[in-house]
Every structure is written in structure tokens, then in C-alpha cells.
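I want to look up a sheet, a helix and a chain contact here.

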Amino acid sequence: MNREDNCATALATISKDAEIEINGTRIKLNEDIEIGHKITLKDLKKGDLILKYGEIIGIAIIDIKAGDWIHTHNIKSHYLEKIKND
Amino acid sequence: MTEEFMGFPRPKGQVGIRNKIVILPSVVCVNHVAQQIAKKVENSVAITHPLGCGQFGHDFNYTIKTLAGLATNPNVFGVIVIGLGCENLTSKKLARQIKRAKKPVEFYDVQEINGGTIGAIEKGVEIGKKMREESAELKREPFDFSNLILGLECGGSDSISGITANPAVGIVSDKIVSLGGTSILPEFTEWIGTEHLLMKRAVDQNVADKIHSVMNSFLDSTMKIGIDFRGVQPTPGNIAGGLTTIEEKSLGTIAKAGKVPIQGVLEYSEAPKKKGLWLMFEPGLDVESMTGLAAAGAQVIIMTTGRGSPTGNPVSPVIKICGNPKTCDWMKCNIDVDASSIITENKSVDDIAQILGKKLIDVCNGEQTQAEVLGFEDIAIWRVMNFPFSAFKI
């Protein structure tokens with residue numbers, strides 16, 4: 001959605017090992033990705049922020065590899081986290 | 001997008017895109033009377049509702065404001081208000097509010113008619129037919145888009161709405177505002193997590209503070225009665241569809257409001273005070289939202305839907321845009337703009353925004369939306385709780 005994003009949303013269901021090209025970078029999917037779900041575009045460390053629309057949509061709770069599916073198992077709300085810490 | 005549409009001139013400089021006669025019951029008890037009249041008067045609509053009596057405080061005020069707002073929407077030529085005669089919200093009180101718009105208004109109570117509801121229906125049909133004759137003499141004239149208020153709605157969203165239909169609506173909304181028009185984004189429960197972005201877009205510090213304070217006071221007061229709205233979203237269905245966090249869902253929602261500055265925050269059913277993009281404080285059931293938008297004066301509403309929502313509005317046409325290929329196929333009769341080619345044919349959001357912009361002009365010029373063709377005319381009015389829940393504990 002935005003050049004700064006480090007994740008992308010699947011517009012169709014894509015199988016594991018398929019290679020996709022986004023903004024000139026080729027990425028191999030590490031698992032099957034359902035339509036509407038997201039993959040990471042680069043390796044992320046625990047605590048890294050996830051960007052979609054060029055805005056923060058969450059924070060990594062474990063290290064994530066490029067091409068991994070990202071969802072509730074490996075990222076969480078950054079907004080709710082901030083409120084908890086305020 | 002051409003820069004004009006053909007509308008109906010109204011008193012006080014307003015412009016309508018429809019020319020309706022509204023049959024408005026002031027209380028639930030006479031819904032049937034209104035419905036029977038509307039069946040016999042061409043181009044009329046009965047705005048039925050379950051309210052008008054046994055209400056008080058803010059809740060009652062919102063009902064009055066909303067019913068009067070619907071009747072004074074620029075798409076309405078004239079109004080017949082029907083009361084029973086013993087209710088809180090009398091036909092006279094409601095008619096007085098509507099008269100401020102300087103359009104034809106008639107009112108009467110069923111209990112004052114010798115002949116009961118049958119007599120009341122006959123009387124309404126007679127007044128309605130006369131009003132219809134007057135309205136039919138009015139012709140469409142060209143107007144620019146500074147006369148238009150656009151409502152931005154979503155319902156039955158899925159995980160791809162936020163990257164297909166919603167940003168396309170954002171482009172069209174920005175275009176309307178750039179032509180001097182007005183847009184309203186309701187549903188504050190779906191801004192949660194994006195307050196900082198909305199505040200950054202506020203025209204001044206006062207508006208930014210207002211966005212912050214209305215969100216916080218709502219979240220704080222609902223916490224006190226044991227509801228944490230921040231934990232409600234995204235829903236299990238959203239999560240199954242791929243949305244992970246509340247801020248991700250809200251970013252998709254506010255994409256409908258494009259990128260232009262925010263002029264202020266409106267109360268439910270409150271008309272914008274000037275042109276540009278406005279937020280409306282309203283909790284997010286789509287039929288309730290659209291009722292509030294139409295009551296605020298929106299002549300047309302664009303609603304994005306992923307899973308497929310058929311809803312409409314009695315006074316403002318609702319244009320449905322959908323990005324989900326299956327919904328566009330299975331619910332074809334309910335969708336006006338098919339945005340699924342973003343997925344199936346690699347079309348861009350800009351391509352779809354162009355198609356949507358053209359549809360918007362066609363609808364302003366008189367083309368019926370699918371919800372109009374199929375007769376979806378329901379309203380729902382936001383009920384404001386007067387008591388904390390603990391007051392009801394037995």
C-alpha cells in the first residue's frame with residue numbers, strides 16, 4: 001500500500017514456495033497465505049514495528065523472517081501496548 | 001469528473017438530488033398510517049421508526065433532531081407529519097422543527113380525526129397527492145459540487161475492503177472536497193487506534209483537542225460501566241479474514257476519508273457548519289450511521305461493503321461499492337460499483353475511483369442506486385443511554 005511498508009497483503013490465496021515481486025524485491029513465501037492475510041517483506045526482530053499504509057499496525061513479538069505469514073501469532077497491537085504502558 | 005450535477009433547488013439555498021414527499025409518523029403507534037399513505041402517493045416515502053414516546057433526556061432530543069433532520073434533508077420536497085395525539089413527541093412539535101427549512105409541511109393527529117386511522121389515511125393521501133403535484137413542477141438545474149454533502153459509510157467489511165473499495169472512496173471524497181463540497185466520516189468506534197493520525201489532520205489545535213477529548217471521554221465512560229471498546233476490535237471474523245490489530249482495521253476504515261484536513265467533529269445528526277471533511281461522533285451500526293448522515297443533510301452516501309450489505313436510506317441514495325469478487329457475483333443485485341477488478345484484473349485503486357466518481361454524478365443526476373431500486377428504506381436512530389447499567393440491577 002505504501003513504499004515504506006514492511007508487509008504486504010495477499011490479493012489472492014498464494015501457496016508456499018511461490019515467489020512474488022514487490023517494489024523490485026523478490027520474496028519466497030515460507031507458508032501458504034490466504035487472501036486478505038499478510039506476509040513480511042524483510043527479516044524483522046522482536047520489537048520491530050510493522051508498517052502498512054505507511055503507518056504502524058503492530059509490533060513483532062518474536063523474530064520474523066521475510067516471506068513469513070504475519071498475524072496474531074507473531075505480532076500484536078502497538079496501540080494497545082502503548083496504552084498499557086502509559 | 002465533470003464539475004456539475006443536475007439537482008432540485010430548495011429554499012435557503014439548498015440543493016436536492018431527489019424530490020421526495022416524506023410521510024413522517026411522530027410516534028410508533030401511527031407507523032401503519034404513514035405506510036398506507038406512502039403506498040398511494042407517488043414518489044413518497046414513509047419514515048417509520050419504533051420511537052416518539054416514553055423517551056426523555058438526550059435520548060429524546062436525538063430522536064427529535066434525527067427525525068427533523070431526515071425531513072429537512074435537501075432531497076425532500078415536502079413533509080406530512082402524523083401524530084397519534086397523546087405521545088411525548090407531538091406532530092406539532094416535530095412540524096415546528098421542520099418548518100425552519102421553509103419547505104411545505106403539514107401535520108395532524110389521528111385522535112383528532114372523526115374516522116380513526118382509515119380517515120387519517122384518506123386525509124394524508126389527499127394532502128400527499130396535492131404536494132406531489134406541486135413537487136412535479138420543479139425541474140432539475142445545474143449546480144456545482146459545493147452544494148453536495150457526501151456521507152462515507154462502510155458495512156459488512158472484510159479484510160480487503162481496506163485496500164480496495166475504501167481507498168477508492170477516499171479519492172472520490174477528496175475530489176468532492178477539492179470542488180468545494182463536504183464529506184462526513186461517521187463511526188468513531190472504528191477510528192480507535194488512529195486518533196493520532198486524525199488529530200494530525202485537524203485544521204487547528206482546537207479540532208485536534210476535540211478529537212482527542214471525545215474519543216477519550218467515550219472510552220473512559222464506557223470503561224466505568226465495564227465495556228472496553230479497545231478490546232472489541234478486530235472481530236473474530238475480521239481476524240479470520242486477515243486483519244490482525246485494531247489499528248490496522250481502523251486505518252482501513254479511515255481510508256474512506258481520503259487525505260484532506262478535518263474541519264471538526266459533529267454530534268449525531270448535526271449538520272456541518274462549513275464545507276470540507278467532517279467527523280461525526282456516532283457508534284457504528286451502519287443503518288444508524290446512515291440515518292445520522294442523512295439527518296445531517298448528506299444528499300448521497302457511499303457505502304463500501306465486503307461481505308455484502310443491502311441497506312439503504314429513505315431520503316438519501318446509498319451507492320454500494322464492493323471489492324470482494326464473490327460478493328460482487330453472488331450479491332450483484334445489491335452492488336452499484338464492482339471494485340473486485342483490483343483483485344481479479346490487477347486494476348488500480350485510481351481506476352476504480354474514476355468509475356465510482358462517474359457513478360456518483362449519475363446518481364446525483366437521478367439514476368437510482370440498487371438499494372433504491374430494491375426498496376431498502378429503513379432507519380435506526382442512535383439510542384443514548386440515560387442511566388448507567390447499575391441503575392437497572394434488581
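My entries on chain B follow.

**Ground rules.** This is a predicted model, where local features need pLDDT of at least 70, side-chain atom pairs count only at pLDDT 80 or more, and totals for chains, interfaces and linings use all residues. Residues are numbered from 1 along each chain as its sequence is written, while chains are lettered from A and ligands numbered from 1 in the order in which they are written.

**The sheet.** I looked up the strand order: chain B has an open sheet of 7 strands, running 10-11-9-8-12-13-14, with parallel pairing. Strands (E, at least two residues) and helices (H or I, at least four) are DSSP runs numbered from the N terminus, and two strands pair if DSSP finds at least two bridges between them. At the edges I found strand 10 (262-266) and strand 14 (337-338) of chain B, each pairing on one side only. Strand 8 (149-154) and strand 12 (300-304) of chain B share 5 bridges in the parallel sense; Leu150(B) has Val300(B) as its bridge partner there.

**Helix 10.** Is helix 10 of chain B enclosed or open, and why? It is largely enclosed by the rest of the structure, because 9 of its 10 residues (286-295) are buried. Buried means 20 or more other C-beta atoms within 10 Å of a residue's own, with C-beta atoms placed from the backbone. Among the buried ones I noted Met290(B) and Leu293(B). Just after this helix, Gly297(B) takes a positive phi of about 110°.

**The contact.** Chain B puts in 17 residues and chain A 22, counting C-beta atoms, placed from the backbone, within 7 Å as contact. Helix 9 (246-254) of chain B gives the most to its side, with 4 residues.

Note on methods:
A residue is buried if 20 or more other C-beta atoms lie within 10 Å of its own, exposed if 12 or fewer, and partly exposed in between; C-beta atoms are placed from the backbone. Two residues are in contact if their C-beta atoms, placed from the backbone, lie within 7 Å.
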